[in-house]
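User: I have a chain open here and would like to go through it piece by piece. Can we start with the surface and work inwards?

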Amino acid sequence: MAKESSRERQGAEPHRVVVVVDEHSNPFELGCATEVFGLRRPELGRQLYDFRLCSPEPRTLMRDGFFTLTGVAGLEAADAADTLIVPNRPDTEVPRRPAVLDAVRRAHARGARLVGFCSGAFTLAEAGVLDGRRATAHWQWADDFRARFPSVRLEPEVLFVDDGDILTAAGSAAALDLGLHLVRRDHGAEVANAVSRRLVFAAHREGGQRQFVERPMPDLPDESLAPVLAWAQERLDAPLTVAGLAARAAVSPATLHRRFQAQLGTTPLTWLTRERLALACRLIERGESRFEVVARRSGIGTAAHLRTLMRRETGITPSAYRSRFGPGAA
């Protein structure tokens with residue numbers, strides 16, 4: 001959630017996010033990047049990002065000729081990016097422009113954060129920056145990706161992969177998940193929740209969830225997990241168990257596990273742990289400085305367990321999280 005970016009900007013100047021748009025890029029992923037990083041958010045009282053589009057050509061024909069993009073910066077804008085979102089497009093077998101690949105390599109060499117949405121993983125792999133690294137791509141291109149880039153550690157079933165300074169999202173909707181994950185890393189859980197509310201989108205889906213679930217729409221009778229999830233979220237400080245959740249849902253623990261896997265792509269215990277950690281982060285951001293209290297109110301238990309979970313899930317300690325996202329933090 002709050003792992004340090006490879007390059008932290010100093011002072012109050014917003015983090016610069018630049019999206020490279022190339023021939024036949026997908027409009028949806030471009031829209032996702034614009035919605036998450038490009039919009040003004042007066043309700044937050046500050047600018048989160050300095051957002052720009054750039055392209056190697058003055059006129060860029062978007063996917064299937066839907067429209068032509070003009071009036072954006074030249075490719076040189078990529079050299080000023082703190083986060084560079086690389087182009088994606090459906091014709092994955094066509095090599096990317098050498099100028100675009102060179103811009104990606106330069107950004108990586110100077111420590112910029114690189115992001116690939118959907119087939120953008122092919123751009124990163126072509127540039128050679130994914131060799132030996134973890135990444136994901138849309139499931140329908142997994143076999144082709146492995147055959148072309150065997151040195152990349154592909155994880156084809158997950159929504160997105162955060163490998164520190166290089167992040168990849170599996171598909172179109174997962175671009176929003178990864179975008180909100182980056183906001184959470186950069187600005188904390190409260191700001192990410194505010195952005196997700198503006199988007200009317202789920203505030204937090206873990207990257208390790210599966211790209212698709214067995215049954216997007218529940219059969220009758222309704223087997224939605226929504227009621228039991230809402231019930232549990234109001235009682236995270238209580239001693240909840242998988243058996244207790246199953247009893248609330250009036251099913252067996254085995255059936256509850258199957259429904260969690262089918263509808264959320266995770267287990268009940270993993271979901272519960274992540275919800276409690278997200279609550280702990282929000283409590284710290286709101287000013288609770290006593291980690292024993294944070295641990296107790298979030299249901300994590302002890303300050304020692306809180307430290308273990310935060311190190312594992314965010315890469316930093318509770319104290320570092322408070323310094324970065326607590327009241328008074330820049």
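User: What does the accessible surface of the chain come to, and how much of it belongs to carbon and sulfur atoms?
Analyst: This is a predicted model. The accessible surface comes to about 15,000 Å², and carbon and sulfur atoms hold 52% of it.

User: How confident is the predictor, on average?
Analyst: The average pLDDT over the chain is 86, and 89% of the residues score at least 70.

User: Where does pLDDT stay under 50?
Analyst: One such stretch is residues 1-11, with 41 contacts beyond four places in sequence in the model. Another is residues 207-222, where the model has 35 such contacts.

User: OK, the fold. How many helices and strands are there?
Analyst: There are 13 helices and 11 strands. Among contacts with a separation of 6 or more, 64% are between residues 24 or more positions apart. As for burial, 52% of the 330 residues count as buried.

User: Which strands pair with S6?
Analyst: Strand S1, residues 15-20, pairs with S6 in the parallel sense over three bridges. Val-17 has Thr-83 as its bridge partner there. S6 also pairs with strand S7, residues 113-117, again in the parallel sense, over four bridges.

User: How does the chain cross from S6 to S7?
Analyst: The path goes through helix H2, residues 98-109, and this β-α-β crossover is right-handed.

User: Now the largest nonpolar core. Which residues touch the most other members?
Analyst: The core has 34 residues, and those touching the most other members are Cys-54, Leu-84, Val-104, Leu-114, Leu-124, Leu-130 and Phe-145. At least two core residues come from each of S1, S6, H2, helix H3 (120-126) and helix H4 (142-148). H2 supplies the largest share, with five residues.

User: Why would nonpolar side chains be buried together?
Analyst: I can only give the general pattern: in soluble globular proteins, nonpolar side chains tend to be buried together.

User: Pick Leu-114. What is it in contact with, apart from neighbours within four places in sequence?
Analyst: Its contacts include Leu-84, Val-104 and Leu-124. Leu-114 also contacts Ala-107, His-108, Val-129, Asp-165, Ile-166 and Leu-167.

User: Last one. Where is Thr-266 found, and is it buried or exposed?
Analyst: Thr-266 lies in the loop between helix H9 (253-263) and H10. Its relative accessible area is 10%, and buried means under 20%, so Thr-266 counts as buried. Beyond its neighbours within four places in sequence, Thr-266 contacts Phe-260, Gln-261, Trp-271 and Arg-274.

Key
Residues numbered from 1 in each chain as written. Predicted model: local features only at pLDDT ≥ 70, side-chain atom pairs only at ≥ 80, totals over all residues. Heavy atoms only, no water. Pairing = 2+ DSSP bridges. Right-handed = clockwise from strand over helix to strand, strands pointing away. Buried < 20%, exposed > 50% of the residue type's maximum accessible area, 1.4 Å probe, protein only. Contact = heavy atoms within 4.5 Å. Areas by Shrake-Rupley, 256 points an atom, 1.4 Å probe, with all protein chains shown as cover. Core = buried A, V, L, I, M, F, W, Y, C linked by side-chain atoms within 4.5 Å. pLDDT = per-residue confidence, 0-100.
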